[in-house]
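Subject: Handover of a structure for your review

Dear colleague,

Please find below the structure that I am handing over to you. My findings follow it.

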Amino acid sequence: MFEFNAHLDADYINEIYGGDLSIVQIMFNSFLEESIPVWNEMYDKIVAKNYAEVGRLAHQIKPSFSMVGLTFLHPKIQAFETFAKSGPAQGELLTQYQQIAVDVNHAKLVIEEELKRMEDYV
Amino acid sequence: MKLKCIIVEDEVMARKSLQRLCEQHESLDLVSVFENAEDALVFLSTEKVDVIWLDVEMPGLSGFDLLENLTSIPQVIMTTTKIEYAFDAYQYQVTDYLKKPVMLPRFKMAVDKVLELNARKTTVSTQRQEIYVKTDGRYIRLAYSDILYIENIGDYVKIYTHDNSYIIHTTMKYLEEKLGNQFLRVHRSFIVHLDKIVDIEENNLVIAKKVIPISRANKPELMNRLNML
């Protein structure tokens with residue numbers, strides 16, 4: 001059985017996809033292709049002070065983190081979404097974004113690495 | 001025979017996940033996937049499906065809006081991140097209600113429910129034109145031809161005949177499936193025997209002096225089913 005990186009919630013991944021690595025690969029690719037660009041786009045929205053859009057985008061991509069086993073990030077994105085929708089000061093929102101971005105950037109690398117490992121495994 | 005299904009889901013990863021699960025299930029034939037309810041509505045105006053996997057929250061029309069606009073509602077499995085919509089979903093008599101992300105075991109359970117309901121429906125045509133209802137500890141035979149209409153009263157339904165009425169513990173959805181095409185759901189709270197209608201005016205119809213409302217969503221199907229000049 002494929003063993004996921006400890007950074008990912010393997011139990012959760014297996015529970016959702018029933019151990020089907022082909023669907024896990026589809027989800028991981030989708031995460032990189034769909035969610036990461038939206039996360040990056042949020043930075044521009046913060047700079048443009050379009051906080052409602054920041055909140056909307058956070059809400060849009062929030063479930064995708066859990067779907068690739070990044071369950072620990074879900075509450076952080078949830079809190080960020082709530083904060084963005086509360087009409088925050090730009091500096092505070094940007095700080096929070098940059099703090100989470102450290103986790104997201106690392107998670108992106110993990111997902112990329114896991115995709116390579118899965119390709120070799122299958 | 002596989003059941004034809006569609007997916008209506010705006011969120012890309014949820015959509016892909018559900019698509020994969022449907023494609024892998026031996027009893028499902030995924031005929032189309034939609035990113036919004038508007039496109040699904042256009043599709044459903046000409047195509048008939050057995051099952052809709054339907055997201056609740058979408059930009060534009062919501063999942064509930066889609067159901068309101070359908071003239072004939074197939075089995076529906078709603079998917080959402082919020083459990084708050086469960087009550088509303090229940091009002092639409094959906095077959096199942098799943099929290100996203102949809103887990104494989106829960107997905108299989110939902111499909112089993114669909115298959116069970118569908119099996120009941122397909123056996124109806126071979127059954128006799130009667131049902132037995134339990135009242136006061138006895139089972140009373142009701143010929144379909146004696147039933148005027150059925151009213152939803154919470155967890156129960158009330159079946160009206162010319163001489164009597166019977167309260168039984170079941171769902172409108174189940175009766176709708178069970179009774180077959182002599183009957184039609186014209187409103188969330190009413191199923192009517194089409195042969196018993198004596199008058200239709202705007203958004204109401206009359207059966208045995210009882211005025212029964214017709215919902216906007218169900219009216220086109222009613223008019224289709226009647227022999228109009």
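A residue is called buried here when its relative accessible area is under 20%. By that cut-off Tyr97(A), at 5%, is buried. Please note that this is a predicted model.

Aromatic pairs

Over all chains, the structure holds 15 aromatic pairs. In one of them, the ring centres of Phe80(A) and Tyr97(A) are 6.1 Å apart and the ring planes stand at 50 degrees, so this pair is tilted. Phe80(A) belongs to helix α4 (residues 74-85) of chain A and Tyr97(A) to helix α5 (residues 90-121) of chain A, so the pair ties together parts that are 17 residues apart in sequence. Phe80(A) is buried as well, with a relative accessible area of 0%.

A second pair is found in chain B. The rings of Tyr149(B) and Tyr160(B) have planes at 20 degrees and centres 4.4 Å apart, so they are stacked. Tyr149(B) lies in strand β8 (residues 147-153) of chain B and Tyr160(B) in strand β9 (residues 156-161) of chain B, 11 residues apart, and the pair links distant parts of the chain. Both tyrosines, Tyr149(B) and Tyr160(B), are buried. In chain A, ring pairs also join Phe2(A), Phe4(A), Phe28(A) and Tyr121(A) into a cluster.

Chain B as a whole

Chain B contains seven helices and 15 strands. A compact globule of 229 residues would have a radius of gyration near 17 Å, and the 19 Å of chain B agrees with this. Along the principal axes, the C-alpha atoms of chain B fill a box of roughly 55 × 40 × 35 Å. Of the 229 residues in chain B, 49% count as buried. Chain B exposes about 12000 Å², of which carbon and sulfur atoms supply 48%. Among its contacts between residues at least 6 apart in sequence, 51% join residues at least 24 apart.

Loop residues with contacts between the chains

Gly18(A) sits in the loop between α1 (10-17) and α2 (21-47) of chain A. Gly18(A) is partly exposed, at 46% relative accessibility. Leaving aside neighbours within four places in sequence, Gly18(A) is in contact with Ile13(A) and Leu104(B).

Glu11(B) occupies the loop between β1 (3-8) and α1 (12-24) of chain B. With a relative accessible area of 13%, Glu11(B) is buried. Apart from neighbours within four places in sequence, Glu11(B) is in contact with Gln60(A), Pro63(A), Met67(A) and Lys100(B).

Backbone geometry

The peptide bond from Lys100(B) to Pro101(B) is cis, with omega near -5 degrees. Pro101(B) is in the loop between β5 (96-99) and α5 (104-124) of chain B.

Lys49(A), a residue other than glycine, has a positive phi, near 60 degrees. This lysine, Lys49(A), is in the loop between α2 and α3 (51-67) of chain A, and is exposed at 54% relative accessible area. Gln93(B) also has a positive phi near 60 degrees. Gln93(B) is placed in the loop between α4 (86-91) and β5 of chain B, and is buried at 13% relative accessible area.

Yours sincerely

Methods. Residues numbered from 1 in each chain as written. Chains lettered and ligands numbered in written order. Predicted model: local features only at pLDDT ≥ 70, side-chain atom pairs only at ≥ 80, totals over all residues. Heavy atoms only, no water. Helix = DSSP H or I, 4+ residues; strand = E, 2+ residues; numbered from the N terminus. Rg over C-alpha atoms; globule rule 2.2 N^0.38 Å. Buried < 20%, exposed > 50% of the residue type's maximum accessible area, 1.4 Å probe, protein only. Contact = heavy atoms within 4.5 Å. Areas by Shrake-Rupley, 256 points an atom, 1.4 Å probe, with all protein chains shown as cover. Phe/Tyr/Trp six-rings, centres within 6.5 Å; stacked < 30°, edge-to-face > 60°.
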